[in-house]
Amino acid sequence: MGRRIVSLLLAGLVLGASVAGCGGGPETGKAVDRLAEAKAALPASVKESGVLIGGTDPTFEPMTFKDGETFTGLDVQLIEAIAAKLGLTVKWQAMGFGELLDAVEGHKIDVSISSMFDRAERQKKADFVNYLNAGTSIVVAKGVGDIGGMPGLCGRRVAVQPDTVYVEMAQAASDKCKGKKAVLVRSDTPSATVAKKDADAALNDFPIAALDVQKDGSLELSGPQIEAIPYGIGVAKDRKELTMAIQTALYALIKDGTYDALLTKWKVTEGALRTGAINGGA
């Protein structure tokens with residue numbers, strides 16, 4: 001049985017058992033409080049401090065960004081809501097996207113969340129609790145129109161953020177070009193690079209690309225989303241109790257409507273993903 005199937009079955013079993021108060025013990029007949037169990041199983045360092053240290057790269061509006069000195073966005077508010085369910089507060093640390101999983105693996109942070117796709121290569125360093133589906137979008141200058149998806153990148157300068165999956169995706173597309181190859185332009189702000197005419201196209205997550213286009217009238221989305229993949233909350237692989245606590249709290253937010261309210265607030269309802277699977281990506 002594949003890892004993805006196991007993860008989905010585990011998610012279904014946990015959700016079916018209910019988050020709090022609905023499952024009865026087979027011998028006692030008493031309701032099982034899943035959140036209380038999750039709180040009790042938290043790592044000692046987290047439980048004793050009452051603080052969950054979250055790491056994020058706050059450059060992915062509307063998912064994670066800074067409003068003045070305050071971290072905000074869907075990713076940030078989701079983790080803060082998860083922490084609240086577990087009786088914790090969140091202390092945020094800003095770091096580069098490429099540093100996040102090393103920080104998780106080394107226990108420098110407790111969780112990472114930064115619009116990070118759950119992919120098999122990343123699962124070598126962390127376990128991922130899936131919370132949203134997002135596709136890839138191509139951003140081009142206004143008036144360019146649909147370039148035909150990834151094959152349309154051939155012969156164009158393509159802006160991609162370093163340490164993201166888009167570097168690999170753009171390179172893979174370029175390798176398939178029969179004529180002129182794509183030229184990768186590494187940038188922390190891919191859409192802005194297109195707006196400045198330093199690139200012809202940019203790759204980014206749909207929620208981020210859609211907001212970029214909304215805020216800059218010189219840009220547009222080229223064609224439909226490509227290949228939706230789940231985002232994941234990253235937790236160190238040797239901290240299974242914390243992973244299960246995050247998953248249990250996420251289920252509680254799904255059940256009480258908080259999850260849907262957050263997706264509505266940040267205008268990403270099309271990405272709703274209620275499985276809460278662990279390592280459900282590929």
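1. Let's start with a term: on a 1 Å grid over the protein atoms alone, a cavity is a set of points where a 1.4 Å probe fits but cannot get out, and a lining residue has an atom within 4 Å of a point. Grid points are joined across faces, edges and corners, and a volume is the space filled by probe spheres set on the points. By this rule there is one cavity of 30 Å³ or more.

2. A quick word on the source: this is a predicted model, where local features need pLDDT of at least 70, side-chain atom pairs count only at pLDDT 80 or more, and totals for chains, interfaces and linings use all residues. Residues are numbered from 1 along each chain as its sequence is written, and side-chain values use heavy atoms, with hydrogens and water left out.

3. Back to the hole. The largest cavity has a volume of about 80 Å³. Its lining includes F60, F97, R122, Y166, N204 and D205. Two elements, α6 (165-175) and β12, each give two or more residues to this lining; helices (H or I, at least four residues) and strands (E, at least two) are DSSP runs, numbered from the N terminus. At least three lining residues come from each of domain 1 (35-134 + 229-271) and domain 2 (135-227), with the bounds taken from an automatic or database domain assignment.

4. Now look at helix α8 (residues 206-215). F206, P207, I208, A209, L211 and V213 are buried there; buried means under 20% relative accessible area, exposed over 50%, and partly exposed in between (1.4 Å probe, protein chains only). What covers these buried residues includes β9 (126-141), β12 (201-205) and β14 (226-236).

5. On to charges: the whole structure has 11 salt bridges, each a side-chain nitrogen of Lys or Arg within 4 Å of a carboxyl oxygen of Asp or Glu. One of them joins D256 and K85, at 2.7 Å from N to O. D256 is in helix α9 (residues 240-256) and K85 in helix α4 (residues 74-85), 171 residues apart. D256 is partly exposed at 40%, and K85 is partly exposed at 26%.

6. Where do D127 and K240 lie? Their side chains meet in a salt bridge of 2.6 Å, N to O. D127 is in strand β9 and K240 in helix α9, so the pair ties together parts 113 residues apart in sequence. D127 is buried, at 3% relative accessibility, while K240 is partly exposed at 44%. Salt bridges with shared partners join D127, K237 and K240 into one network.

Terms used
Contact means heavy atoms within 4.5 Å. On a 1 Å grid over the protein atoms alone, a cavity is a set of points where a 1.4 Å probe fits but cannot get out, and a pocket is an open set with protein on both sides within 12 Å along at least five of seven lines; lining residues have an atom within 4 Å of a point.
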